[in-house]
2 protein chains.
Amino acid sequence: MGSNHQHRKSIVNRLARIEGHVRSIKEMAKADRDCSDLLLQIAAVRKALDNVGKLILQDHLEGCVVEAIEHGNQEEVIHDLQKALNNFIR
Amino acid sequence: MGSNHQHRKSIVNRLARIEGHVRSIKEMAKADRDCSDLLLQIAAVRKALDNVGKLILQDHLEGCVVEAIEHGNQEEVIHDLQKALNNFIR
């Protein structure tokens with residue numbers, strides 16, 4: 001894999017922001033902030049994780065899957081995509 | 001709020017672990033690791049966030065809500081709980 005991941009940089013940046021967001025929720029919890037404030041922030045992180053997951057899937061489709069189809073590895077493509085979807089969909 | 005949050009320490013510890021987990025996924029993305037490996041780790045963080053959210057709700061019920069009922073503030077209880085649930089449930 002690798003060269004065919006055009007969103008990878010954006011994915012790293014988003015994960016860095018999510019990391020900072022979780023750190024700030026941890027600080028809110030330490031500071032004994034209101035439960036519903038914490039829950040609101042946790043829901044926001046969950047949404048951001050879903051979005052970064054979708055971007056990873058998009059990279060996977062545009063990069064790995066398209067490349068594998070071009071090389072005629074259909075079986076591998078299906079197996080690979082099934083694995084990625086199984087890992088992500090609830 | 002405050003003194004009636006008996007799970008708060010565990011919540012802070014869980015958030016610290018989630019923060020570290022997101023950081024390690026970011027490093028995996030930087031190292032150009034496989035898309036499906038990233039998605040598996042993102043799903044694990046999502047699950048951990050759900051669990052810490054449930055623990056915050058539990059704290060909220062055991063602490064704030066019970067206390068408010070004892071003080072006869074039923075309306076405030078309902079409003080407060082509705083707010084917390086709205087913030088968390090998808």
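A polar contact is taken here as a pair of N or O atoms within 3.5 Å, of which, within protein, one must be able to donate a hydrogen and the other to accept it. Applied to the interface of chain B and chain A in this predicted model, the rule finds 16 residue pairs in polar contact, both residues of a pair being at pLDDT 80 or more. On the side of chain B that touches chain A, at least two residues come from each of helix H1 (8-30), helix H2 (35-70) and helix H3 (74-88) of chain B, and H2(B) gives the most, with 18 residues. By residue class, this side of chain B comprises 25 nonpolar, seven polar and 13 charged residues.

Taken as a whole, the interface brings 45 residues of chain B into contact with 45 residues of chain A, and about 4,000 Å² is buried between the two chains, with 66% of that area on carbon and sulfur atoms. Eight salt bridges are counted between chain B and chain A; in the one formed by Lys26(A) with Glu19(B), the closest N and O atoms are 2.8 Å apart.

Key. Residues are numbered from 1 along each chain as its sequence is written. Chains are lettered from A and ligands numbered from 1 in the order in which they are written. This is a predicted model: local features need pLDDT of at least 70, side-chain atom pairs count only at pLDDT 80 or more; totals for chains, interfaces and linings use all residues. Side-chain values use heavy atoms; hydrogens and water are left out. Contact means heavy atoms within 4.5 Å. Buried area is the accessible area (1.4 Å probe) that two parts lose on being put together, summed over both. A salt bridge is a side-chain nitrogen of Lys or Arg within 4 Å of a carboxyl oxygen of Asp or Glu. A polar contact is a pair of N or O atoms within 3.5 Å; within protein, one must be able to donate a hydrogen and the other to accept it, and residues adjacent in sequence count only if both atoms are side-chain atoms. Helices (H or I, at least four residues) and strands (E, at least two) are DSSP runs, numbered from the N terminus. Ala, Val, Leu, Ile, Met, Phe, Trp, Tyr, Cys and Pro count as nonpolar, Asp, Glu, Lys and Arg as charged, and the others, Gly among them, as polar.
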